[in-house]
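Subject: Structure handover, salt bridges

Hello,

Here is the structure for you to look over. My notes on its charged pairs follow below.

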Amino acid sequence: MNAAINLYTVRDLDEPLPDLLERVARVGYDGVEFAGLDVDPEAVREKLDELDLAATAAHVPIETLEEEFEATVDRYRTLNCERIAVPYLEESAFASSESVDETARRLDELGERLASQGLELHYHNHDHEFVDLEETTGFEALTERSSVGLELDLGWIEAAGADPVGLLERYADRVSLVHCKDTRSGTPVELGEGDLAIEACLDAAREAGVEWLIYEHDAPDDPTESLETGVRTLRRQL
């Protein structure tokens, strides 16, 4: 498995993207997951090549994918980034069986369009997808009704009271990206300081054939320290 970081983690560092990429490479990550891209993708691609960093994936809001499809495809193709993840959908998208049907349709349509361009679509969960829907949950209903890839966020799964190890085992054939996030009582904390059983989760990820472990912290007190703590903790498990 390889270690990457979602750049949302270091969004509060007041540095140009090339400088952030240098930080990421210097502390030992193998790749990055983009959370927005507001600079020339050609220049970013050159920097990635220079640093030997992979463009692991990109978080792109579903509205951007739907409204700016061609431009989005061109942008991330330039980076040799083959995986696009929808990072968030509102709670209403999982509030009922009917809303999950619509969510699955919407994701599958985008997934088919991206596949025709040689790209993959994944969905990144939070905790609200695990809402009870009679005999199932919103998340389980989505996985049954949609064929998109799953970018399992282990911390949010734990916060929802679900079993991250069990989900890694159950959906092994649909998971190539895993978000390594830790939470304590539902609040994001540094990896290794919360409720997540990291060793068991990463053993399960390895067994599932996961390619990328992606560190993310939604609100680090010190982004620089978090950047380093994340890769150090992951490297101990690789």
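Is Glu-211 buried, partly exposed or exposed? Glu-211 is partly exposed, at a relative accessible area of 34%. Please keep in mind that this is a predicted model.

Glu-211 has a partner. Arg-83 forms a salt bridge with Glu-211, and their closest N and O atoms lie 2.6 Å apart. Arg-83 sits in strand 4 (residues 83-86), while Glu-211 sits in the loop between helix 9 (198-208) and strand 12 (212-215), so the pair ties together parts that are 128 residues apart in sequence. Arg-83 itself is buried, with a relative accessible area of 14%.

Next, a pair within one helix. Glu-109 and Arg-105 form a salt bridge, with 2.8 Å between the closest N and O atoms. Both belong to helix 5 (residues 97-115); they are four residues apart, which means a separation of about one helical turn. Glu-109 is partly exposed, with a relative accessible area of 43%. Arg-105 is partly exposed too, at 38% relative accessibility.

Glu-15 counts as partly exposed, at 26% relative accessibility.

As for the total, a search of the whole structure finds 16 salt bridges.

Best wishes

Key:
Residues numbered from 1 in each chain as written. Predicted model: local features only at pLDDT ≥ 70, side-chain atom pairs only at ≥ 80, totals over all residues. Heavy atoms only, no water. Salt bridge = Lys/Arg side-chain N within 4 Å of Asp/Glu carboxyl O. Buried < 20%, exposed > 50% of the residue type's maximum accessible area, 1.4 Å probe, protein only. Helix = DSSP H or I, 4+ residues; strand = E, 2+ residues; numbered from the N terminus.
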